[in-house]
Amino acid sequence: VTCCMDNQLNGTSGIKMTRKAKDKAVEKLLIEKNSPQMSLFEIIESPGKESEYSNTIELYDALPKYVWDTKREQEDLSNAVVTRQCTLRGQQFTVKVKPAIIEKDDGRSVLIYAGQREEIVEDALRKLAVKGAGLVIEGKASVMFSLHQLRQELAKLGHTYSFYEIKEAILVCRGATLECISNDGGTIFSSSFFPMVGLTTLNDLKNKKQDARCYVQFHPLVHESIVSLTYRQYNYKIGMNIRSPLARFIYKRMSHYWTQASLSTPYTPSLKSFLSQSPRELSPRMPENVRAMKNALDVLAGEQVISEYEANHIKDGRKTLDVRYVILPHEKFVKQMMASNKRRQ
């Protein structure tokens, strides 16, 4: 079992401080197998549909916590903290993302942020929990799996990562830190994406022990959402099929917050406000921002999430200052939201 140290939430009165937590071998874990909260988190559907759905998580899935730059690895510590601002349910947050320190096979230590790969791997792990592999480990929502099982789940929807890539993604989530502070000072937390993990060793993989048990303890915000029942059902298959990270971010956000979606009620985000609060952030050049949003919305139209959209440019002369979008949902998305509302009730 790979062992490492990291932060875990602890505290009272809305202020959650950090403490050091050690990973443990599977045999030494305190495991609760019949948690009613984890049972409620599961989605039981007909055999033809059970693979389609998972859950979005309140606050956690909407935070701009990933780094989508193609060059996620660096060795310079001097400018390693990524700071962003976002507003959720009327509350403003400052989000700080710190990379994991990962040792490569050649002996180099590099900084790696949680990015697209880590998001996909975490979504697949959450799906395994939804399918019955979820447990409460050391008092927190977790999932027990094998690397072979996780690799199969990823490959099923076209994400063909090697065992090494999957293991590295999990270790990045173990070492990368997410901090969030509300502007009123009422919410403060700092934790790694995965506060505890246990993985089979590379030697086990070489000996083809691919079914050895592994575990991941989910982020405290995921645990909190599961306990307080603030998660929402969404179409996991569509989410995993979307290759554009911005389109996936929009889709998850719409699935969680656009609860009253209807064919006559549009979603009306503005370009600058939305992109500045996304992991992509705003580019200095407005045409790049407009193009990125157009590409993402076109992807969502292709996936039958939205039926159509209108882009109203706010200009100063010939210069675009902002764009206000009027987005209408697809009939299939409306039906999905109605089903999610019913399950929530």
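**Entry 1: a pair in H2**

I looked up Glu122 and Arg126 and found both buried; buried means under 20% relative accessible area, exposed over 50%, partly exposed in between, with a 1.4 Å probe and protein chains only. The model is predicted: local features need pLDDT of at least 70, side-chain atom pairs count only at pLDDT 80 or more, and totals for chains, interfaces and linings use all residues. Residues are numbered from 1 along each chain as its sequence is written, and side-chain values use heavy atoms, with hydrogens and water left out.

Glu122 and Arg126 form a salt bridge, with 3.9 Å between the closest N and O atoms. My criterion for a salt bridge is a side-chain nitrogen of Lys or Arg within 4 Å of a carboxyl oxygen of Asp or Glu. The two residues are 4 apart in helix H2 (residues 116-133), so about one helical turn separates them. Helices (H or I, at least four residues) and strands (E, at least two) are DSSP runs, numbered from the N terminus.

**Entry 2: other salt bridges**

I next checked Glu153, which forms a salt bridge with Lys131 at 3.0 Å between the closest N and O atoms. Glu153 sits in helix H3 (residues 147-156) and Lys131 in helix H2, so the pair ties together parts 22 residues apart in sequence. Glu153 is buried at 4% relative accessible area. Lys131 is partly exposed at 45%.

I also looked at Glu288 and Arg285, whose closest N and O atoms are 3.5 Å apart in a salt bridge. Glu288 is partly exposed at 29%, and Arg285 is partly exposed at 47%.

I found a salt-bridge network that links Lys104, Arg117, Glu118 and Glu168. The count of salt bridges comes to 16.

**Entry 3: the sheet E5-E9-E8**

I traced an open sheet of 3 strands, in the order E5-E9-E8, with antiparallel pairing. Two strands pair if DSSP finds at least two bridges between them. Strands E5 (73-74) and E8 (100-103) each have a single partner strand, so one side of each lacks a neighbour in the sheet. Helix H4 (residues 163-175) packs on this sheet and touches E8 and E9, and its direction makes about 140° with that of E8. Contact means heavy atoms within 4.5 Å. Axes are lines fitted to C-alpha atoms, for helices over the stretch in contact; angles run from 0 to 180 degrees between N-to-C directions.

E5 pairs with strand E9 (residues 109-112) over 2 bridges. Gln74 stands opposite Leu111 in E9.

**Entry 4: the sheet E3-E10-E11-E15-E14**

I then traced an open antiparallel sheet of 5 strands, in the order E3-E10-E11-E15-E14. Strands E3 (31-32) and E14 (196-198) stand at its edges with a single partner each, so one side of each has no neighbour in the sheet. H4 packs on this sheet too, touching E11, E14 and strand E15 (213-217); its direction makes about 155° with that of E14.

Strands E10 (residues 134-137) and E11 (residues 140-146) run antiparallel and are joined by 4 bridges. Val136 has Ala141 in E11 as its bridge partner.

**Entry 5: cysteines and chain totals**

I searched the whole structure for disulfides, pairs of cysteine sulfur atoms within 2.5 Å, and got 0. For Cys180, the nearest cysteine sulfur is that of Cys86, 6.1 Å away. Cys180 is buried at 0% relative accessible area. Cys214 is also buried at 0%.

I noted 11 helices and 18 strands in the chain. Of its 345 residues, 52% are buried.
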